[in-house]
Amino acid sequence: MAGGESKKPKANAGAGGKKKEVKKETGLGLSNKKDENFGEWYSEVVVSGEMIEYYDISGCYILRPWAMAIWEIMQEFFDAEIKKMKIKNCYFPLFVSPGVLQREKDHIEGFAPEVAWVTKSGESDLEVPIAIRPTSETVMYPYYSKWIRGHRDLPLRLNQWCNVVRWEFSHPTPFIRSREFLWQEGHTAFATKEEADAEVLDILELYRRIYEEYLAVPVIKGKKSELEKFAGGYYTTTVEAFIPDTGRGIQGATSHCLGQNFAKMFEINFENEKGEKAMVWQNSWAYTTRTIGVMIMVHGDDKGLVLPPKVSSVQVIVVPVPYKDADTQGIFDACTATANTLCEAGIRAEIDLRDNYSPGWKYSHWEMKGVPLRIEIGPKDFAKNQVRAVRRDNSTKSDIPQASLVEQVEKILDDIQQSLFDAAKQKREACIQIVKTWDEFIDALGKKKMILAPWCDEEEVEKDVKARTKGEMGAVKTLCSPFDQPELPEGTMCFASGKPAKKWSYWGRSY
């Protein structure tokens with residue numbers, strides 16, 4: 001993994017009275033190109049863009065304010081939406097006793113290799129080791145059993161914002177695969193399957209909105225195969241993203257219907273309206289800081305991060321461009337006034353007045369950090385009472401009169417948001433390939449495609465596809481069966497088994 005120290009020169013405060021050394025554009029660019037060495041590019045861009053810092057424990061990362069701000073914007077949106085659905089926030093402990101963790105057999109088998117254990121306190125060994133939550137079903141459900149007694153106690157709909165630990169060993173990657181990550185996890189219980197089914201899709205739609213409306217990343221809604229569904233669950237729905245540069249799918253967020261499996265294990269029963277004893281229907285759903293990594297992979301370029309305006313903590317950076325004999329103070333005042341006008345209109349604008357960096361250095365710095373719009377004010381702009389606006393996504397420049405500043409900047413930011421989504425969607429669409437036979441499948445795989453193929457929906461066939469495609473790049477699996485199913489003509493055969501196909505599924509290598 002690349003990306004130890006950031007190459008950005010440290011700011012020089014400058015000694016009083018002495019002429020300050022002005023930093024030029026040196027050592028600021030990325031040394032890896034996205035389309036030549038994606039892995040190294042990604043490792044470098046997350047550090048140079050000041051999203052993360054590497055930590056001294058492998059697989060753990062420091063989330064810097066630039067990344068946390070994005071998380072908080074998504075959190076603000078999602079939290080308000082689930083509150084409208086009458087879902088309430090709570091907090092359960094980080095620690096799990098082994099007894100409850102092991103109660104749901106399939107569930108723990110799915111998570112066992114990743115569970116971290118606390119075995120010591122100071123010098124003494126603990127009598128019973130304690131697990132750190134990899135997810136909280138087994139932490140929460142013993143108490144659901146206590147709190148739910150009759151139909152009036154339902155639905156019980158809780159969410160918690162917290163961290164979880166999964167001791168991953170394969171290729172830790174910032175945001176995408178880390179040993180500790182932040183997430184929200186919702187856990188709900190209903191009297192009927194219909195209510196549970198409806199909520200699964202309501203939450204999945206919120207996940208689609210996070211990706212498409214906030215992060216400008218197109219996703220496909222669908223259902224996971226039996227092999228890929230949540231361990232111990234009834235069925236799993238997902239929003240799947242795709243990274244064209246690597247030809248890999250990535251699970252964006254999942255909304256699971258757990259059915260009555262956990263209710264059986266944890267004895268979550270209630271007395272229904274007829275006075276009969278019944279089991280609840282449960283869901284769990286989560287999205288994580290992985291969302292940020294997907295956004296970086298999809299939009300980033302060789303100059304650094306490219307942030308969609310909706311999630312960027314700074315939407316507009318104002319940079320003064322004074323020349324030797326220019327009215328420097330006048331330019332600085334115009335910059336301050338411009339930033340203030342934008343902030344008052346609700347646009348997140350900042351001004352870079354550091355006088356020991358050249359304007360060119362500042363341009364590169366804010367481009368690296370992915371700020372959607374740069375506003376420059378030089379002597380000519382100042383004289384004409386205008387600003388020069390430069391877009392991060394396509395480098396387009398335009399001159400904006402101060403009189404229509406807010407209106408035009410808002411229009412540009414909206415356009416950047418939409419353009420990023422449209423460009424990403426176009427790129428993803430170009431990667432989707434429909435195949436009907438095994439040979440076509442292998443050919444498409446070699447071309448980094450997201451493959452849509454007719455499938456017989458048999459677990460053994462999926463296992464066989466995994467086995468036959470194992471290699472350095474990793475095995476292929478189903479990504480999802482899209483809800484939006486193309487027509488399946490009668491007599492269509494499964495691409496892998498030659499048996500009659502039951503549905504269309506997306507296949508590919510994945511993160």
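Mentor: Start with what covers helix 10. Its buried residues are covered by elements that include helix 1, helix 2, strand 15 (316-320) and strand 17 (373-377). Keep in mind that this is a predicted model. The buried residues themselves are Gly360, Trp361, Lys362, Tyr363, Ser364, His365, Trp366, Glu367 and Met368. That is nine of the ten residues of helix 10, so the rest of the structure largely encloses this helix. Look just past its end. Gly370 follows helix 10, and its phi is positive, near 80 degrees.

Follow the chain out of helix 1. Glu50 sits in the loop between helix 1 and strand 1. Its phi is positive, about 60 degrees, although Glu50 is not a glycine. Is Glu50 buried or exposed? With a relative accessible area of 13%, Glu50 is under the 20% cut-off, so it counts as buried.

Turn to its packing with helix 6. Helix 2 covers residues 65-84 and helix 6 covers residues 193-214. Their axes are 11 Å apart, and the two helices pack at an angle of about 150 degrees. An angle over 145 degrees counts as roughly antiparallel, so that is how helix 2 lies to helix 6. The crossing of the two is right-handed. On the helix 2 side, the contact is made by Ile73, Met74, Phe77, Phe78, Glu81 and Ile82. Helix 6 brings Ile203, Leu206, Tyr207, Arg209, Ile210 and Tyr214. By type, the residues of this contact are ten nonpolar, no polar and two charged.

Helix 13 (residues 438-446) and helix 14 (residues 459-469) have axes that come within 13 Å and cross at roughly 50 degrees. That angle makes helix 13 oblique to helix 14. Helix 13 passes helix 14 in a right-handed crossing. Trp438, Phe441, Ile442 and Leu445 of helix 13 meet Val465, Arg468 and Thr469 of helix 14. The residues of that contact divide into five nonpolar, one polar and one charged.

Stay by helix 14 for a moment. Asp457 lies in the loop between strand 21 (450-455) and helix 14. Asp457 has a positive phi of about 65 degrees, and it is not a glycine. Its relative accessibility is 33%, so Asp457 counts as partly exposed.

Next, helix 12. It spans residues 405-431, 27 residues in total. From first C-alpha to last, helix 12 reaches 39 Å, close to the 39 Å expected at 1.5 Å a residue. Which residues of helix 12 are buried? They are Leu405, Val409, Ile412, Leu413, Ile416, Gln417, Leu420, Phe421, Ala424, Arg428 and Cys431. Read their numbers with one general point in mind. An α-helix has 3.6 residues a turn, so residues three or four places apart point the same way.

One is a cis peptide bond, which joins Leu154 and Pro155 with an omega of about -10 degrees. Pro155 is found in the loop between helix 5 (137-147) and strand 7 (156-165).

Another is Glu267, in the loop between helix 7 (261-265) and strand 12 (269-271). Glu267 is exposed, at a relative accessible area of 56%. Leaving aside neighbours within four places in sequence, Glu267 is in contact with Ser145 and Phe262. Glu267 and Val280 are 13 residues apart in sequence, and their C-alpha atoms are 9.3 Å apart in space.

Asp333 is partly exposed, with a relative accessible area of 43%. Between Asp333 and Ile57 there are 46 Å in space, C-alpha to C-alpha, and the two are 276 residues apart in sequence.

Terms used: Residues numbered from 1 in each chain as written. Predicted model: local features only at pLDDT ≥ 70, side-chain atom pairs only at ≥ 80, totals over all residues. Heavy atoms only, no water. Helix = DSSP H or I, 4+ residues; strand = E, 2+ residues; numbered from the N terminus. Expected span 1.5 Å × (residues − 1). Buried < 20%, exposed > 50% of the residue type's maximum accessible area, 1.4 Å probe, protein only. Axes fitted to C-alpha atoms, helices over the stretch in contact; angles between N-to-C directions. Parallel < 35°, antiparallel > 145°, perpendicular 65-115°, else oblique. Left-handed = near helix turned anticlockwise from the far one by under 90°. Contact = heavy atoms within 4.5 Å. Nonpolar A, V, L, I, M, F, W, Y, C, P; charged D, E, K, R; others polar.
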